[in-house]
Amino acid sequence: MKMSNLYLPTLKETPAEAEVPSHQLMLRAGMMRTLTAGIYTYLPLGWRVIRKVEDIVRQAMNESGAQELLMPIIHTAELWKESGRWEKFGPLMIKFQDRKGRDYCLGPTHEEVITALVRGEIRSYKDLPVNLYQIQTKVRDEIRPRFGVMRGREFIMKDAYSFDRDYEGLDRSYRAMYDAYMKAFTNCGLEVRAVEADTGAMGGSESHEFMVLAEVGEDRIAFCDSCSYAANVEKAVAGEREVSGSEEMKEMEEVHTPGQKTIEEVSEFLGVDPAKTIKSLALLADGEPVLVLVAGDDQLNEVKLANYLAANELTPVADEDFEKYFSSTPGFIGPVGLEGIRVLADLRVKDIVNGVAGANKTDYHLINVNPGRDFIVDEYLDLRIVKEGDPCPKCDGKLEIKSGIEVGHIFKLGTKYSESMEATYLDENGKEQFIVMGCYGIGISRLVAAAIEQNHDEKGIIWPKAIAPYQVIILALGDDEEVVKVTEELYQELTARGVETLLDDRKERPGVKFNDADLIGIPLRITVGARSLKNNTIEARVRRTGEEIQLELENTVDKIIEILDRIE
């Protein structure tokens, strides 16, 4: 492709709405343009990258035995009501009615549609296993679209669905998808870490997320510095901490703490370590009051709590409702003396001796509070967010915490959808059984953004060769007749040899061409100028490393291909 013919509107300045490098660079490099918040038009350069990612993912899926199809983006409400998710999926769904008043939605995911498809076709155990996938646009009404295509309202996704006769079959299908995902991400040139994850709205018994480590990642992942343990912090657990020595319990006392409400304020006022305080959180779980206790230096993991309570919604109790639900006062609530309230506590609370807790009385706290003696906990659970330096639950190592961008997620759904939607098969004995399912997603457009987050510098994008829109860019400096002749010959021969080549033949200043080449991130730049041609040479420069190589004109194309083969 010649740049004089390419629709490539690059930008010198960073658009004000772009917050993170991938969003900034996808706009500046002319890969996409904004239609409205979270919805984008992909321009030719961006679309080439997306198609390359799709092809790599498609190849990995096909090699795993999965079969491609295409499902509709418009879904009937009846299917989602069958699964019980019409209301549960909530405001993320864009719902509408047709001219006859029938309810529909734009597909945010396709478990309902695929289950409805196979339940009408799969009759016998002989029809199983099967894995079906598609690459298609999904639509979710994000409350706050941000970070470009990493949190958009419309995005491209590969979603696959496996169907097996039993859980052993599901284990095999799940492993095949896990391996296919790792292969696809590796072939895209990305460094990805697989982590244990919460199943969320998809449901099921087990899931893994695939994370690209990047500073701007919205997810936080915990991983061991010594073994393979890794999990999203929503799911991560820590090993047990050693409890040093034994401390004699003291008599509980009420102390005046005027205006001291937060853990930080109370700890400083009383001169105690925050770890010795008991943080009491007054919550409503689907409208039912519950008091949750964590150590003062910990944070509640609301995902773990919601999963344990099977709650769709967790909300803090409003200040004006404290008396109604807890007979207490905001800022000074505690577990001692509360009656008729369910109390849950993190495991670390059990080890607190002579702690500090709210006295359920304005401007007062209790000191020397001891669980078991002074208050009763209905159940101790793992309810905290793990922290840097926590012990690993699998070995003697320590946990590290880093940011990551989720680019893939796989789930063992089990019979969640087949039971609610009555998708069954007949076994060898003619007995009806529920189909066992798994689902597997890759965010195609998000993966492109993640690749940029992992591969860029102050000048622009540094594409991994496998997903670069072009492999080589030739810069023609000036309109000297010999320069034009050599660049055209190089362009034609490289293209004929199967090398995806971009020729910058624009009548622009050399500085503009160099800046644009760095901005769009083509792996190998070839520069042809009148001065170098007088020495019978041209210059090759590797975008990732900055390595510069002088090439003699003899057998130039072979030498370019040799350099290209060394680039990752």
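The model is predicted: local features need pLDDT of at least 70 and side-chain atom pairs count only at pLDDT 80 or more, while totals for chains, interfaces and linings use all residues. Residues are numbered from 1 along each chain as its sequence is written, and side-chain values use heavy atoms, with hydrogens and water left out.

**Domains and their interface**
- The chain divides into domain 1 (21-236 + 401-452), domain 2 (253-381) and domain 3 (470-565), with bounds from an automatic or database domain assignment.
- The C-alpha centres of domain 1 and domain 3 lie 40 Å apart.
- Their contact (heavy atoms within 4.5 Å) takes six residues from domain 1 and four residues from domain 3.
- Together, domain 1 and domain 3 bury about 540 Å², with 61% of it on carbon and sulfur atoms; buried area is the accessible area (1.4 Å probe) that two parts lose on being put together, summed over both.
- On the domain 1 side, Leu45, Arg48 and Lys52 supply 66% of the area buried against domain 3.
- Two salt bridges (side-chain nitrogen of Lys or Arg within 4 Å of a carboxyl oxygen of Asp or Glu) are counted between domain 1 and domain 3.
- Lys52 and Glu500 form a salt bridge through their side chains, at 2.3 Å from N to O.

**Cysteines**
- The whole structure holds zero disulfides (cysteine sulfur pairs within 2.5 Å).
- Cys439 has its closest cysteine sulfur in Cys105, 16 Å away and so too far for a bond.
- Cys439 is buried at 3% relative accessible area (buried is under 20%, exposed over 50%, partly exposed in between; 1.4 Å probe, protein chains only).

**Phe210**
- Phe210 is also buried, at 0% relative accessibility.
- The C-alpha atoms of Phe210 and Ala194 are 4.4 Å apart, although 16 residues separate them along the chain.
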